[in-house]
Amino acid sequence: MVKYKEQILNHFERGKINRAQFENGAVFLHHKTSRTKGVVISVWFLVGSRDERKHEHGLAHLLEHMMFKGGSAIRGTELLTLMEGLGAELNAYTTKEYICFDLSCLGSDLPKIFPLFLDLIFTPAFDEGEFAREKNVVLQEIREDRDNYELEAEEKVFIKSFAEDLGHPITGTIKSVSSFTTKNVANFYKTHFIPAKMVISMVGDNKASYYTKLLSKLFTRYKLTKKQKPIRRKMLKGLGKIPHFKETMKRGSENPYLFMTAKTAPIDSEYRAEFMVLNNYLSEGMSSRFFKALREE
């Protein structure tokens with residue numbers, strides 16, 4: 001059985017968080033709340049498009065698509081159908097620096113659903129037929145993104161402001177994605193989907209101790225018991241001056257797009273959580289009255 005260390009992190013605003021670190025490098029974060037009967041679990045792997053080499057642009061995103069195509073117990077979409085039949089909702093997304101898999105369900109159903117969820121993640125089925133279909137889905141996403149002028153303009157900001165690792169689009173290009181094989185996806189998975197890059201967070205009315213013990217058993221079943229320290233990314237420093245640029249799109253658009261960027265607090269700032277909330281308000285939309293109050297008052 002995998003041993004783990006537990007410590008209590010207290011914050012007067014955000015509440016108590018239990019943190020368990022397993023010997024294989026995986027970290028489990030748990031926040032208990034009695035306000036809901038539901039539970040939300042996120043499994044994060046600290047790898048994203050930033051970790052791709054030039055010929056791999058879009059590989060992390062394609063891998064994320066392939067992860068919901070079956071585990072060792074049940075192949076194909078049958079596993080998803082079974083989990084959803086038990087009341088689970090699943091989602092996944094890829095960013096520049098991590099891939100996340102989300103699960104939400106009733107807390108009482110979690111003991112049945114959680115092992116299936118991890119089976120989906122740790123024993124993926126890279127079937128050639130499913131791979132061909134998902135690759136076509138991603139290629140269609142790229143084509144649709146090219147018709148989203150606001151998104152295309154936003155990508156220009158990244159391309160102009162950052163080096164290639166952070167600058168290239170998460171979805172990759174039609175050329176790069178078209179060249180991928182199941183072997184490419186499997187090798188990327190083997191390299192990066194390891195416990196040392198894994199963080200599991202859980203919020204719900206469930207006991208943390210039960211799930212740390214369950215995780216220990218599952219890690220043993222998947223033979224993921226190699227002793228490692230958690231692998232964490234180094235903070236970016238000295239990004240340089242923010243560039244000013246103007247670029248005319250090749251295809252006509254009636255709308256101009258203006259992006260104003262500015263240096264702000266570093267990623268390890270004590271106010272990072274507050275900045276993230278503010279960012280959500282600003283980018284996800286707000287009432288005009290609230291915007292006026294925030295901007296002018």
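Asp 165 is partly exposed, because its relative accessibility is 30%; the class lies between buried, under 20% relative accessible area, and exposed, over 50%, with a 1.4 Å probe and protein chains only. This residue is found in helix 6, residues 164-167. Helices here are DSSP runs of H or I with at least four residues, strands are runs of E with at least two, and both are numbered from the N terminus. Asp 165 and Ser 49 are 116 residues apart in sequence, yet their C-alpha atoms are 7.2 Å apart in space.

## Basis of the model

The model is predicted, so local features need pLDDT of at least 70 and side-chain atom pairs count only at pLDDT 80 or more, while totals for chains, interfaces and linings use all residues. Residues are numbered from 1 along each chain as its sequence is written, and side-chain values use heavy atoms, with hydrogens and water left out.

## Salt bridges

The whole structure contains 10 salt bridges, each being a side-chain nitrogen of Lys or Arg within 4 Å of a carboxyl oxygen of Asp or Glu. A network of these contacts links Arg 50, Asp 51, Glu 97, Asp 165 and Arg 233.

Within this set, Glu 97 and Arg 50 meet in a salt bridge with an N to O distance of 2.3 Å. Glu 97 lies in the loop between strand 5 (89-94) and strand 6 (99-106), and Arg 50 in the loop between strand 4 (38-45) and helix 1 (59-66), so the pair ties together parts that are 47 residues apart in sequence. Glu 97 is partly exposed at a relative accessible area of 25%, whereas Arg 50 is buried at 14%.

Arg 233 forms a salt bridge with Asp 51, and the closest N and O atoms are 3.0 Å apart. This pair links distant parts of the chain, 182 residues apart: Arg 233 is in the loop between helix 9 and helix 10, and Asp 51 is in the loop between strand 4 and helix 1. Arg 233 is partly exposed at 29% relative accessibility, and Asp 51 is partly exposed at 23%.

A further salt bridge joins Lys 112 and Asp 109, with 3.7 Å between the closest N and O atoms. Lys 112 is partly exposed at 48%, while Asp 109 is buried at 17%.

## Helix packing

The axes of helix 2 (residues 78-85) and helix 3 (residues 110-122) come within 10 Å and cross at roughly 155°. That angle makes helix 2 roughly antiparallel to helix 3.

## Nonpolar patch and a backbone feature

Which residues form a nonpolar patch on the surface? Tyr 271, Phe 275, Leu 278, Leu 282 and Phe 291 do, with about 460 Å² of accessible area together. Patches are made of residues with over 30% relative accessible area and no salt bridge; like charges are joined within 9 Å and nonpolar side chains (Val, Leu, Ile, Met, Phe, Trp, Tyr) within 5 Å. Helix 10 (residues 272-284) gives the most to this patch, with 3 residues. Tyr 271 is in the loop between helix 9 (208-221) and helix 10, and is partly exposed at 47%.

Lys 223 is also placed in the loop between helix 9 and helix 10. Although it is not a glycine, Lys 223 has a positive phi of about 60°. Lys 223 is exposed, with a relative accessible area of 74%.

Note on methods:
Areas by Shrake-Rupley, 256 points an atom, 1.4 Å probe, with all protein chains shown as cover. Axes fitted to C-alpha atoms, helices over the stretch in contact; angles between N-to-C directions. Parallel < 35°, antiparallel > 145°, perpendicular 65-115°, else oblique.
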